[in-house]
Amino acid sequence: MSNENEENITLSARLEWQALRAHYETVRDLDMKLLFKDDLGRKTDFTLKHEGIEFDYSKNKITSQTLELLFNFARAQGLEERREQLFSGANLNVSEHRPALHSALRGSCSPKLDIDDSNIKNYVDRSLEKIESFTKEFHAKKRFTDIVHIGIGGSDFGPHLVCEALKHLSVRGVKVHFLSNIDPDHFADTMEGLTPKKTLFIIASKSFSTQETRQNAKSARSWLAAKIKEKDIAGHFCAVTSNKGAAIEFGVKPESIFDMADWVGGRFSLWSAAGLPIALYLGFDNFKALLEGAHSADLHFQNSPLERNIPVIMGLIGLWYRNFWNYNAHCILPYSSRLCLLTTYIQQLDMESNGKSVNIFAQPVNYATAPIVFGGTGTNAQHTFFQLLHQGRDVIPADFIALRQAVMPLGNHHEKLISHVVGQTKALMEGRTNKEEPHKHFAGNRPTNTVWLDSLTPHSLGLLLAFYEHKIFVQGTLWQINSFDQYGVELGKDLARLALSKIKNS
Ligand code: F6P
């Protein structure tokens, strides 16, 4: 089941892992405050920049030696080779016998790469041309004012996040709505106020068999049928899927079907035609700019040495905490309302990819894998769970993601918002001693990364999302798990099907 050059060595048997374990014993009592005091260049040395993104990892329980040992471990685990295999289309998704080529969708693959006798670059170019011409016609004809995107999980989170994040760039007169949950209330709330004649539905489902999406699409059809002629209904639907037959059977015209290749996993699909609502809502050029941002992240990940590589360092620090410090959660904190959906997006990306207990050799693993990812938007999260981050018994590493420039500046709001990023990360690291009143004591020494975006643009968002994708790939590689399948979601679905037949018959 594994890749042929893969070595089946348990992590603890690796000398480089043992070196990290021994190193942990020597640094477990380190105080981050003192690291800063002893090394005035720490912030500069532990900050990396790539285009409009700055990654500050100085507030972590790491020294230069920690990083060196982590890089040694990553090299011993074959991270560099594996990274090459990712981009060259090797069958890294071993359980489903296919590559994970989402990066090809943003132009990051060799023009010579063929899969099953089909040239990947040509396929991507053709898909983009189809999205572009559909988008241009959509804007020129102005037939529709509202797009309802029906999809769930990976067929929803990415496009939804991008449309929300960049709504200041939306095309005049176009609104987009996202329908995912099978809950009838979600349907009712989404459709409220929409005019059937003016509404276009996109059904996004790689499998075209996901119950929630199929049911919502059926109800959308009935909603249209109540108001428009049967012969006009098909003109209100398009589909994004790898199951063309099922989409046609549903009633979508073949020319309105956009392909989703089977080498693109659901949670990595926003770069594919699943991003159609992004192009329609924000314009094709902005969709292209998003892809270019992600492409730039691919080049950085692919070509930078491990020591200067943002997603590699993100991944290694996460592994350091998960496996050596036994921290079992990771917090994602976008300090931007526009990035309010980022936490959910990264939750799926991380936990669906790496929430596994079996390795690529089909053996159970005896070390921790994906952390519990949670979070919320700053500053609201400060009034929700920051009490626990500061004074709870668990140490939870957190990523603060912030914009240097506000999207919609207003007086001194943004300065105040940013002051919380600086203040909170400092408070988590420095703590505050209070021996007289223990309830007011802050132990500090709680790690954070800070990711600064110069501004929120399609390019910077593309960079950010692709960096997180690669971070998770790095961790999956080092843990020797397949980050590209998700069998863990199947059992619950099966049992719900059985429960449904019982509920129907009761
Ligand atoms: O949650 C499981 C999952 O398979 C995701 O990986 C995927 O993004 C989602 O369901 C939707 O699947 P589909 O696009 O096939 O409807």
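I took helices (H or I, at least four residues) and strands (E, at least two) as DSSP runs, numbered from the N terminus. The model is predicted, so local features need pLDDT of at least 70, side-chain atom pairs count only at pLDDT 80 or more, and totals for chains, interfaces and linings use all residues. Residues are numbered from 1 along each chain as its sequence is written, and side-chain values use heavy atoms, with hydrogens and water left out.

**Pocket**

I worked on a 1 Å grid over the protein atoms alone: a cavity is a set of points where a 1.4 Å probe fits but cannot get out, a pocket is an open set with protein on both sides within 12 Å along at least five of seven lines, and lining residues have an atom within 4 Å of a point. Grid points are joined across faces, edges and corners, and a volume is the space filled by probe spheres set on the points.

The largest pocket has a volume of about 1000 Å³. I noted 37 lining residues, with Ser-207, Thr-210, Val-489, Glu-490 and Lys-493 closest to the centre. Helix α19 contributes the most to this lining, 6 residues; α9 (211-225), α15 (342-354) and α19 (490-505) each supply at least two.

**Ligand**

I found the ligand in the largest pocket, the test being that more than half of its atoms lie within 2 Å of the grid points. I counted a residue as near if one of its heavy atoms lies within 4 Å. Of the 13 residues around the ligand, Gly-154, Ser-205, Ser-207, Thr-210 and Glu-352 come nearest.

A polar side-chain atom of Thr-210 is 2.5 Å from a ligand oxygen, and a side-chain N or O atom of Ser-207 is 2.6 Å from a ligand oxygen. Lys-206 places a backbone N or O atom 2.8 Å from an oxygen of the ligand.

**Cavities**

I recorded 5 cavities of 30 Å³ or more. The largest cavity holds about 90 Å³ of space, and its lining includes Tyr-321, His-330, Asp-350 and Trp-479. Helix α14 gives the most to that lining, with 3 residues.

The second largest cavity holds about 60 Å³. Among its 13 lining residues, Ile-317, Gly-318, His-330, Asp-399 and Asn-449 are closest to the centre. Here too I noted α14, which supplies the largest share of the lining, 4 residues.

Technical notes: Polar contact = N/O pair within 3.5 Å; in protein donor to acceptor, adjacent residues only side chain to side chain.
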